[in-house]
Amino acid sequence: MAKHILIGGGTGFIGSNLKKLLTSKGYDVTTISRMPGLKRMTWHELESNGIPEKTYAVVNLAGQNVLDPSRRWSPGFRQNVWNSRINTTKNLVNAIEKAATKPKVFVSVSGVSLYEPGPKVYTENDNGTDYDFMSRLCLKWEEAANLKAESDTKLVKVRCGVVLGRTGGMIKSLYLPFKLGLGGPVQPGDQPLPWIHITDICNLIKFCIEENQAKGVINGVAPQIVTNREFSKCFASALTRPALFPMPEFVVKLIFGMERGVLLTTGAKISSQKSIDLGFKFTYPTVDEACREVVNAKNK
């Protein structure tokens, strides 16, 4: 009988790709979303009925897209960004703790914004710092994922970097301007860009579900540490275009607002050594390989 996996936020960019991967590997997958449908349950149903019986693993990827340029950084949107992460995580934790038969694994995917920008290379032993809205969000997000100490469920907290893939995330916004030869780095340009390819983040989540030793905090970033400028050059090169037009910081802040603009104008250096030591193999370990795959896939 196929093992059952429940994915919160399973209709988003990472979630839809993860569902496809897990289904192809023989897992039975149900997604939690706002809308009912085939192989879905709603958040209201989760609250009322709990997690389905014999659920092997629970993964939470739920969260409003922070960098949606069509949404103004208003107090309401800001609250939605917060609630869509913290509340869904708390709801899943409550459902896991109430379940008669506990799932074996809970993977909670958060972000890397809790690592304060600077020269240090961060590992999973670093707890993060409360230094702005995004870092506070990540810290509270992780706190919400904590299960009771005596829980039978293995907890994994994946701190995910910027996800590169052809159907969503940052690439979806950047593809057209770069294709037109109008792309370039976000100034100042030398800020680190913690990143991971969509194939690798999905494989890493699957790895965390399947490998007993994969537990606690795991950085969901690629092995190669690059700057925003280096990423822009690789992406433009994959498109056979120049990267001549840097985006000034004030434009980023104008479009996105100060609190979320920092996601593009600053960044931290983050190590992926723990996942490598555990035996995880990256399909796209370098940004050049990742960018070429994204462009080739887009052109198919």
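Me: Let's start with helices α5 and α7. How do their axes cross?

Reply: Keep in mind that this is a predicted model. The axes of α5 (residues 169-179) and α7 (residues 228-238) come within 11 Å and cross at roughly 60°. That angle makes α5 oblique to α7.

Me: And is the crossing left-handed or right-handed?

Reply: The crossing of α5 and α7 is right-handed.

Me: Which residues make the contact?

Reply: From α5 you have M170, I171, L174, Y175 and F178, and α7 brings F231, S232, F235 and A236. By class, the α5 contact with α7 has eight nonpolar residues, one polar and no charged ones.

Me: What about β7 and β10, parallel or antiparallel?

Reply: β7 (residues 154-160) pairs with β10 in the parallel sense, over five bridges. Within that, V158 stands opposite I218 in β10.

Me: OK, new topic: where is E116?

Reply: E116 is in the loop between β5 (105-111) and β6 (121-122).

Me: What is E116 in contact with?

Reply: Leaving aside neighbours within four places in sequence, E116 is in contact with Y122, T129, Y131 and A268. E116 and Y131 are 15 residues apart in sequence, and their C-alpha atoms are 7.3 Å apart in space.

Technical notes
Residues numbered from 1 in each chain as written. Predicted model: local features only at pLDDT ≥ 70, side-chain atom pairs only at ≥ 80, totals over all residues. Heavy atoms only, no water. Axes fitted to C-alpha atoms, helices over the stretch in contact; angles between N-to-C directions. Helix = DSSP H or I, 4+ residues; strand = E, 2+ residues; numbered from the N terminus. Parallel < 35°, antiparallel > 145°, perpendicular 65-115°, else oblique. Left-handed = near helix turned anticlockwise from the far one by under 90°. Contact = heavy atoms within 4.5 Å. Nonpolar A, V, L, I, M, F, W, Y, C, P; charged D, E, K, R; others polar. Pairing = 2+ DSSP bridges.
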